[in-house]
Amino acid sequence: MPDESTDWVVLKFGGTSVSTRREWDTIVRLAREHLDDGARPFVVCSAVSGVTRTLKRLLEAALQDEHEPVLDEIRRTHLDLADALDVDGEALLDEYFEELEQLALGASLTKQINSPFRARVLGLGELMSTTLGAAYFEQQGLTADWQDARQILRAEHDPRAPERQRYLAATCHHEPDPALQQNLAGSDADLALTQGFIAGTESGETALLGWGGSDTSAAYFAAKLEAERLEIWTDVPGLFTANPREIPSARLLRQLDYEEAQELATTGAKVLHPRCIDPVQQAGIPLHVRSTQEPDLSGTVVTGGAATAGAQVKGIATRRDLTLVSMDTLGMWQEVGFLADAFAAFKEYDLSVDLVATSETNVTVSLDPATDDRPRPGVVDALVNDLKDFCDARAQAACASISLVGHNIRSVLHELGPALEVFDEQNVYLTTQASNDLNLTFVIDEAQVTRLLRELHAQLFDARGEDTLFGPTWRELHDEAERSPPVGPAWWKNRREDLLDAADESAPAFVYDERTLREAAHSARETLPAVDRMLYALKANAHPDVLRIFEEAGLGFECVSPGEIERVRSVFPDLDPDRILFTPNFAPREEYAFGLENAGVVTLDNMHPLEHWSDLFEDREVFLRLDPGRGRGHHEHVRTAGPEAKFGIAPDELDRCQELLQDAGATVVGLHAHLGSGIKRPRTWTETAVFLAEHAERFPAAHIVNVGGGLGVAERPGGVHLDLDDVNEHLARFRRAHPDLEVWMEPGRFLVASAGVLLARVTQKKRKEAVQYVGVETGMNSLIRPALYGGYHRIVNLSRLDDPPAQLAEVVGPICESGDVLGHSRRLPATEEGDVLLVANAGAYGRVMSSRYNLRDPAGEVMLRAEEEAESSGGCDRRLTDR
Ligand code: LLP
């Protein structure tokens with residue numbers, strides 16, 4: 001039995017979480033886990049799913065004397081659940097069924113339902129669900145101290161408040177309650193169990209806490225008990241960057257602070273009731289939002305300290321069914337008391353005002369969505385009529401709001417620019433940004449809200465990876481696709497045995513598939529005939545065999561350092577230097593000298609070399625790298641254009657640049673621009689070509705535009721593929737318009753990413769609270785992309801490829817940094833020490849970015865020969881390079 005000093009954990013379960021035996025089993029399991037951890041559960045439950053609505057229906061039916069069938073329905077629902085739980089429903093609930101019948105009869109006789117009566121009827125759902133729950137706990141061997149919430153939560157008594165509010169939307173006192181704590185601590189039971197949604201009035205009647213009030217009840221209980229934490233268990237695994245049922249790419253928010261959670265809840269995210277945050281915030285109690293369907297997910301944690309992640313948009317919330325009331329006040333300019341008069345009218349009609357925007361001559365407000373209790377149209381017409389006495393008022397229904405939510409949003413306004421382009425050609429009726437600086441809200445036509453939400457979310461979040469703040473997407477958590485074949489050629493499925501052999505011999509290892517590399521080179525040449533010359537950016541993967549395959553396919557090489565040039569020259573001593581392009585950045589003088597000797601073309605991306613080392617460039621042909629002013633790519637670190645990127649010459653410097661070129665005696669034969677990496681927008685390279693062509697006009701000898709690399713590959717299941725045909729079609733059009741210009745392109749990732757995997761053996765497993773860790777022998781020292789960019793790499797257990805998923809795990813390496821995570825929340829089968837995990841899409845920017853951090857050697861490299869050759873040479877021929 002827990003002692004008196006035991007910490008309370010308040011767990012709240014909503015309607016869908018108390019409706020089946022499976023869910024009750026989860027509740028019992030969670031309670032046991034807390035008991036094992038030395039905490040004492042205080043369980044708060046809603047009515048069984050749909051019952052509160054049926055009780056409302058019962059009241060309406062009673063007025064027509066048609067309540068019997070509805071009563072039967074309510075009995076049936078509960079008796080069915082009782083049967084499933086194997087408890088005696090009739091005996092347990094008889095008293096409540098009786099009471100309900102009496103109440104329904106009363107309403108049918110008096111034909112009257114006032115608020116206290118309504119509260120008494122609607123509160124019965126929770127009393128019934130918790131009565132069944134307590135019996136089930138006992139049956140499962142845990143004693144539950146069933147408490148009547150009406151004895152614990154006291155509704156605040158405000159005689160000025162309308163009766164409806166006092167009985168149907170009450171607020172409660174929630175100061176720490178030593179008497180309650182003592183009383184419960186003295187109980188012999190394992191846990192306490194009570195109802196959400198209901199409280200008691202001073203005179204002992206039932207009061208309700210309003211829609212979604214169970215969350216608020218739970219928060220009150222947590223505050224009264226000074227609980228260690230509050231867990232809200234619901235049917236989604238936390239708060240997301242947008243409503244995940246509308247936006248499957250919405251990401252789980254792992255942590256939020258109270259204000260942000262409050263703002264998201266208030267502006268439309270329906271997971272939490274807005275009123276439940278204040279009580280736990282005041283008491284400093286952490287609030288966890290988790291899913292009964294996926295109890296292994298750690299969900300969202302709301303605390304006081306999560307704002308440290310810096311200013312950024314954390315979520316987008318929408319509210320529909322808003323009505324705007326616009327008041328033109330020209331005659332009232334500088335008149336005192338206008339707002340007081342206007343708002344008095346809203347109060348009179350019991351209409352709650354939400355957003356407000358004002359100018360000197362207009363005040364526009366939005367009204368909360370209509371609810372069952374408050375029909376809208378007639379009331380608004382009457383209000384507008386009254387307002388017309390002192391201003392020109394009109395109402396506009398069918399509006400919706402979209403709110404960007406996050407701390408200090410004003411300080412990131414400049415970053416939102418491109419995202420806000422979605423409002424182009426859109427009527428924005430109202431924009432607000434409150435002084436608490438937590439949201440930026442736009443009111444638009446309701447018909448547009450779904451589209452705008454989708455576009456805005458894509459702009460703001462699609463390129464984001466997982467990190468400590470942003471978790472997996474809804475789709476990753478739920479889609480069948482996650483368990484079906486991955487994107488790109490899953491060559492590794494067919495070569496599983498060879499890969500397991502390779503792992504036995506040399507894990508941890510990057511393994512590259514020769515056939516996939518050949519196919520990638522071939523397909524890039526075939527599908528992009530509008531590109532005259534393709535150069536492989538070997539910064540993505542400089543393995544000699546990779547270079548051999550691409551050389552055979554006729555590609556040139558784009559190098560960024562003397563080391564890369566030397567690598568190319570050592571693999572192909574006789575290669576024509578014209579096939580090498582050198583694109584250094586902030587490199588010293590001697591590197592330019594080396595490049596001019598050893599590469600066919602050198603690209604200048606700054607004027608410093610011309611200003612200070614002009615002698616190097618006399619009679620030389622060069623390329624100029626220009627900055628088109630805007631970068632693109634999967635992460636801000638890889639966007640290489642725009643004022644914040646260190647690359648390229650801004651077009652307004654070209655006059656000066658031309659003078660310097662002339663002084664040095666150099667000739668520009670080509671222009672270059674590279675926007676960034678991981679771009680999936682087919683028009684991008686043509687836009688770059690057009691930009692370069694415009695500037696090529698001032699360089700008479702310029703006949704080449706090098707549109708850079710950056711071609712993206714799909715990384716996630718369901719991720720977007722770059723449509724190469726589309727890329728080509730745009731470029732072909734450009735070629736027709738500029739027949740004198742050659743188009744060059746320099747992809748890296750696209751050619752190698754899916755051809756490589758990282759194999760690593762499982763070292764250890766551990767569970768900490770709700771988080772399962774699976775450790776492997778190498779981590780960020782081999783593959784830094786997840787840590788550096790939140791890059792996503794699919795991870796499978798190659799040793800148990802066909803086993804069903806059994807857990808969600810953090811896949812981590814052995815490096816002494818918390819960021820050493822290869823994948824967050826990955827579905828893995830039951831996994832054991834020694835199993836080989838495969839990290840997919842690791843052919844690009846893997847080994848080349850690896851390090852000996854912690855003095856741990858990174859994974860080596862293995863080339864898997866194409867099968868035909870392997871067969872004739874009696875097995876797979878692998879070559880190991882230096883480690
Ligand atoms: N050309 C230039 C001038 C570049 O700077 C780059 C890449 C490329 C071509 C090839 O880009 P690709 O096609 O591979 O996207 N480490 C990051 C990518 C950095 C790319 C740097 N520059 C990552 O792992 O995502």
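Okay, let's start with one side chain: Asn 706 reaches the backbone nitrogen of Gly 708 with its side chain, at 3.0 Å. That's a polar contact, meaning a pair of N or O atoms within 3.5 Å; within protein, one must be able to donate a hydrogen and the other to accept it, and residues adjacent in sequence count only if both atoms are side-chain atoms. Asn 706 sits in strand E26, residues 704–706. Is Asn 706 buried or exposed? Buried, because its relative accessibility is 0%, and buried means under 20% relative accessible area, with exposed over 50% and partly exposed in between, using a 1.4 Å probe and protein chains only.

Quick word on what you're looking at. This is a predicted model, where local features need pLDDT of at least 70 and side-chain atom pairs count only at pLDDT 80 or more, while totals for chains, interfaces and linings use all residues. Residues are numbered from 1 along each chain as its sequence is written, and side-chain values use heavy atoms, with hydrogens and water left out.

Now zoom out. The protein has 30 helices and 35 strands; these are DSSP runs numbered from the N terminus, helices being H or I with at least four residues and strands E with at least two. Buried residues account for 56% of the 883 residues. Along the principal axes, the C-alpha atoms fill a box of roughly 100 × 80 × 45 Å.

Back to E26, which belongs to a closed barrel of 8 strands, running E20-E21-E22-E23-E24-E25-E26-E27 with parallel pairing. On average, neighbouring strands of this sheet are turned by 30° against each other, direction ignored. For that angle, axes are lines fitted to C-alpha atoms, for helices over the stretch in contact, and angles run from 0 to 180 degrees between N-to-C directions. And which strand pairs with E20, residues 533–537, over 2 bridges? That's E27, residues 742–745, in the parallel sense. Two strands pair if DSSP finds at least two bridges between them. Arg 533 has Trp 744 in E27 as its bridge partner.

Next, the ligand. There are 20 residues around the ligand, the closest being His 634, Ser 677, Arg 749, Arg 785 and Tyr 845; to count, a residue needs a heavy atom within 4 Å. That shell splits into 7 nonpolar, 7 polar and 6 charged residues. On the ligand's oxygen side of things, one oxygen atom is 2.5 Å from a side-chain N or O atom of Arg 749, and an oxygen atom is 2.8 Å from a polar backbone atom of Gly 710. Glu 746 has a polar side-chain atom 2.8 Å from a nitrogen atom of the ligand. How much of the ligand's own 580 Å² of accessible area does the protein cover? The figure is 92%.

Last stop, strand E31, residues 807–812, where 6 of its 6 residues are buried. Both faces are covered: Gln 807, Ala 809 and Val 811 on one side, Leu 808, Glu 810 and Val 812 on the other. Strand E29, residues 771–776, runs parallel to E31 and is joined to it by 4 bridges, with Gly 775 opposite Val 812. Strand E32, residues 821–828, pairs with E31 in the antiparallel sense over 5 bridges, and there Leu 808 has Arg 827 as its bridge partner.

How values were computed:
Areas by Shrake-Rupley, 256 points an atom, 1.4 Å probe, with all protein chains shown as cover. Nonpolar A, V, L, I, M, F, W, Y, C, P; charged D, E, K, R; others polar.
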